[in-house]
Amino acid sequence: MMQVFILTFMVVSKILLPPQHSVDQTTPTLCTPTEINTLYQYPNNQFQSFRDEDEFYQQLNRTIYEEYANASLNIRQKMAFRDVENATQNFYLQTNSNQETIDLSQHTFIHPNRQVYFLASFQHNTDESYQKFLVIDAETQEVILGHSHFLESSKDL
């Protein structure tokens, strides 16, 4: 008799009461779940705090990167990795360079929200110009990518 009562109670409660949604189903996701982050060698760290770009540059080993002496332009920025392509394009525009656009599609091991430092330097004189940039991971301080270019000015004969 008791089993019939419990079974009847369960059936009636399923019919009369609407299903309860869990918190996971009703609230928007604020950050990527840990399971997804494990797919990245450099996971999302957008909510972590890192030193500002000037402090970072001051402590950086000069064998890794040093701005050109008497540079016409130096850029130090902390940004999300997804913004690196725009930063390099702006750097090339500011230095009147016709460089190829950086293709970040091959860097699938880096989360787009990963914080990085973008450092760039440009030096120009009448005979030549030098430019370089470096992208360094804010958390591990590992170099992710970089480029340097030397251009000799053509001389009229």
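This is a predicted model: local features need pLDDT of at least 70, side-chain atom pairs count only at pLDDT 80 or more; totals for chains, interfaces and linings use all residues.
Colleague: What makes up the secondary structure of the protein chain?

Modeller: Five helices and four strands, in the order α-α-α-α-β-α-β-β-β along the sequence. Helices (H or I, at least four residues) and strands (E, at least two) are DSSP runs, numbered from the N terminus.

Colleague: Why is Gln131 called buried?

Modeller: Buried means under 20% relative accessible area, exposed over 50%, and partly exposed in between, with a 1.4 Å probe and protein chains only. Gln131 has 3% relative accessibility, so this residue counts as buried. Gln131 sits in strand S3 (residues 128–137).

Colleague: What makes the pairing of Gln131 and Thr95 a polar contact?

Modeller: A polar contact is a pair of N or O atoms within 3.5 Å; within protein, one must be able to donate a hydrogen and the other to accept it, and residues adjacent in sequence count only if both atoms are side-chain atoms. The side chains of Gln131 and Thr95 are joined by such a contact, at 3.5 Å.

Colleague: And why is Ser121 called buried?

Modeller: Its relative accessible area is 0%, so Ser121 is buried. Ser121 belongs to strand S2, and a polar contact of 2.7 Å links its side chain with that of Asn74. Contact means heavy atoms within 4.5 Å; leaving out residues up to four places away in sequence, Ser121 touches residues including Tyr68, Phe91 and Gln131.

Colleague: How do you know that the buried residues of H5 line one face of the helix?

Modeller: In helix H5 (residues 84–94), the buried residues are Val84, Ala87, Thr88, Phe91 and Tyr92. Seen down the axis of H5, they fall within an arc of 135°, so they line one face. The arc is that of the directions from the helix axis to the C-beta atoms. Leu93 and Gln94, on the other side of H5, are exposed. The buried residues of H5 pack against strand S1 (73–80), strand S2 (115–124), S3 and strand S4 (143–152).

Colleague: What makes the lining of the largest pocket polar or nonpolar by class?

Modeller: Ala, Val, Leu, Ile, Met, Phe, Trp, Tyr, Cys and Pro count as nonpolar, Asp, Glu, Lys and Arg as charged, and the others, Gly among them, as polar. The lining has 10 polar, two nonpolar and no charged residues. Among the lining residues are Thr95, Phe122, Gln131 and Leu151. A pocket is an open set of points on a 1 Å grid over the protein atoms alone, where a 1.4 Å probe fits, with protein on both sides within 12 Å along at least five of seven lines; lining residues have an atom within 4 Å of a point.

Definitions and conventions
Residues are numbered from 1 along each chain as its sequence is written. Side-chain values use heavy atoms; hydrogens and water are left out.
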